[in-house]
Amino acid sequence: VAQYRLERVLIIGLGLIGGSFAKALRTRFCVREVVGADRSMDECRLGLELGVIDRIAEDLPAEVGAADLVVLAVPVKAMETVLEQIRPFLKLQTLVTDVGSTKGNLVTAARRIFGHLPATFIPGHPIAGAEKSGVRASDADLFEHHKVILTPLPETDPNATLELARLWQSVGAEVLQMEVDRHDEVLAATSHLPHLLAFSLVDTLAREEENLDIFRYAAGGFRDFTRIAASDPTMWHDICVANRDAILAQIDRYTAGVSRLRGAIAQSDSEGMLGIFTRAKAARDHFT
Ligand code: NAD
């Protein structure tokens, strides 16, 4: 007889991440039943057809009341609305988590909606993704060997965090814990800034119509650097709005760095240029 970690998980938002988590839980027999909800009935039906979920949540309030864990996997901007929707139906012991790319905004919203932070509320963020979206792109192995950051709060019950951490581990993820603000700063530097640079570089070049032609001559370096510029524009808009201050700080830091490099090039300062390139290469070699 299979030993399920949890009986019933309700996943709200059956896109790439919600769908992948659902599929990962199902294929590894981590939970008895995965129920899916999405504002798009087409995504729900497709999820059922593709075996991503066991069942569609037809009656959301009843499903929220019957779940052991509710996972919010909607766009960052929709988190607050969904939290507001489910709040009246949540049982005291039900675990609640999310997969959003930013955490501070969610915690602020939760504080407002609940009036306090429930002990079973554990914000989370899987550091795994793709440039694709929608349930069709979901992948049961997406989290395998990837990190998941949980940002429990002082109000969070450590047992709730442990339970959720074990669930993520059972789909192959490595779980880390971080404070909410630290998460938003670190992600602004390591994920948000590179995505914005890729978007901005491609936009800058593509803006000049005659430049569209130069993409034909682009080699591997350009392809590697700009792969993430094919990510979902709405998702990145939401992230910029939600993590504005931390992102602005990183853009300023980066702008100063580019200016230093520009200065070294303008002054034919070989030592300056080589210093930047050598330090960067050493850092890059170190982490691969
Ligand atoms: P997605 O577009 O593939 O899926 C989002 C789903 O949410 C869609 O099916 C949409 O119909 C549904 N939805 C939107 N508003 C809703 C609402 N109010 N109620 C119910 N359903 C609603 O997006 P995704 O890539 O799966 O991203 C989901 C979350 O995961 C986002 O918060 C994102 O920041 C985070 N995330 C994404 C990645 C990535 O690389 N894509 C990585 C880590 C975390």
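Thr97 stands opposite Ile122 in β6, in a predicted model where local features need pLDDT of at least 70, side-chain atom pairs count only at pLDDT 80 or more, and totals for chains, interfaces and linings use all residues. Residues are numbered from 1 along each chain as its sequence is written, and side-chain values use heavy atoms, with hydrogens and water left out.

Strand β5 (residues 95-98) and β6 run parallel and are joined by two bridges. Strands here are DSSP runs of E with at least two residues, helices are runs of H or I with at least four, and both are numbered from the N terminus; two strands pair if DSSP finds at least two bridges between them. β5 and β6 belong to an open sheet of six strands, ordered β3-β2-β1-β4-β5-β6 with parallel pairing. Its edges are β3 (55-56) and β6 (121-122), each of which pairs on one side only. Helix α4 lies across β1 (6-12), β4 (69-72) and β5, and runs at about 155° to β4. For such angles, axes are lines fitted to C-alpha atoms (for helices, over the stretch in contact, meaning heavy atoms within 4.5 Å), and the values run from 0 to 180 degrees between N-to-C directions.

There is also an open sheet of three strands, in the order β7-β8-β9, and here the pairing is mixed. β7 and β9 (174-177) stand at the edges with a single partner strand each, so one side of each has no neighbour in the sheet. From one strand to the next, the twist averages 20°. Three bridges pair β7 with strand β8 (residues 147-150) in the antiparallel sense, and Pro126 has Val148 in β8 as its bridge partner. Helix α6 (residues 158-170) lies across β7, β8 and β9, at about 165° to β8.

As for the ligand, 26 residues surround it, the closest being Ile17, Asp38, Val74, Ser101 and Gly134; a residue counts if one of its heavy atoms lies within 4 Å. By class, this shell has 15 nonpolar, eight polar and three charged residues. An N or O atom in the side chain of Ser101 is 2.6 Å from a ligand oxygen atom, and a backbone N or O atom of Gly134 lies 2.8 Å from an oxygen atom of the ligand. A backbone N or O atom of Arg39 lies 3.2 Å from a ligand nitrogen atom. Polar contacts like these are pairs of N or O atoms within 3.5 Å. The protein covers 87% of the 830 Å² of accessible area that the ligand has on its own (Shrake-Rupley method, 1.4 Å probe). Elements giving two or more residues to the shell are α1 (16-27), α4 (79-86) and β7 (124-126).

How values were computed: Polar contact = N/O pair within 3.5 Å; in protein donor to acceptor, adjacent residues only side chain to side chain. Nonpolar A, V, L, I, M, F, W, Y, C, P; charged D, E, K, R; others polar.
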